[in-house]
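Good morning, colleagues. Please turn to the sequence and the structure on the screen, and I shall take you through a few of the contacts.

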Amino acid sequence: LGAFGLSGAAAWVVLVGASVLDISLGAATLLRPGRRLWLAQIAIVALYSALIAWRLPALLVHPFGPVLKNLPIVAMLVLLWAQARSA
């Protein structure tokens with residue numbers, strides 16, 4: 001989080017908050033999957049990706065694709081959203 005100008009307590013709060021958010025989304029996926037959840041996950045992946053692209057642009061072309069891997073994840077979420085919508 002240093003690349004975002006965060007350190008110390010502020011970095012810890014953001015790290016724990018993001019972790020709790022991710023764990024909550026994982027639990028919601030198991031317990032209450034649905035259209036709103038898929039949209040929330042798409043928004044969060046887009047936000048994370050945009051922040052990384054803005055502050056850590058080298059990761060966009062990294063050989064292991066830490067940002068590029070988000071494209072199939074978003075595609076899967078869009079498919080889940082579309083299937084839930086038509087069901």
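The side chain of Asn70 forms a polar contact with the side chain of Lys69, at 2.7 Å. Please bear in mind that this is a predicted model. Asn70 belongs to helix H3, which covers residues 70-86. Is Asn70 buried or exposed? Its relative accessible area is 11%, and because that lies under the 20% limit, Asn70 is buried. If we set aside its neighbours within four places in sequence, Asn70 is in contact with Val45 and Ser49.

I turn now to the nonpolar core. Which residues make up the largest nonpolar core? There are 6 of them: Leu25, Leu37, Trp38, Ile42, Ile44 and Leu77. Helix H2, residues 35-55, gives the most to this core, contributing 4 residues. As for Leu77, not counting residues up to four places away in sequence, it touches Trp38, Gln41 and Ile42.

Next, the packing of two helices. Helix H1, which comprises residues 8-31, packs with H2 at an angle of about 150°, and their axes are 11 Å apart. Because angles over 145 degrees count as roughly antiparallel, H1 is roughly antiparallel to H2. The crossing of these helices, H1 and H2, is left-handed. Which residues meet there? From H1 we have Ala18, Leu21, Asp22, Leu25, Ala28 and Thr29, and they meet Leu37, Trp38, Gln41, Ile44 and Tyr48 in H2.

I shall end with Tyr48, a residue of helix H2. Leaving out residues up to four places away in sequence, Tyr48 touches Ala18, Leu21 and Asp22. Its relative accessibility is 30%, and since this falls between the limits of 20% and 50%, Tyr48 counts as partly exposed. How far apart are the C-alpha atoms of Tyr48 and Val67? They are separated by 9.0 Å, with the two residues 19 residues apart along the chain.

Thank you for your attention.

Note on methods. Residues numbered from 1 in each chain as written. Predicted model: local features only at pLDDT ≥ 70, side-chain atom pairs only at ≥ 80, totals over all residues. Heavy atoms only, no water. Buried < 20%, exposed > 50% of the residue type's maximum accessible area, 1.4 Å probe, protein only. Polar contact = N/O pair within 3.5 Å; in protein donor to acceptor, adjacent residues only side chain to side chain. Contact = heavy atoms within 4.5 Å. Core = buried A, V, L, I, M, F, W, Y, C linked by side-chain atoms within 4.5 Å. Axes fitted to C-alpha atoms, helices over the stretch in contact; angles between N-to-C directions. Parallel < 35°, antiparallel > 145°, perpendicular 65-115°, else oblique. Left-handed = near helix turned anticlockwise from the far one by under 90°.
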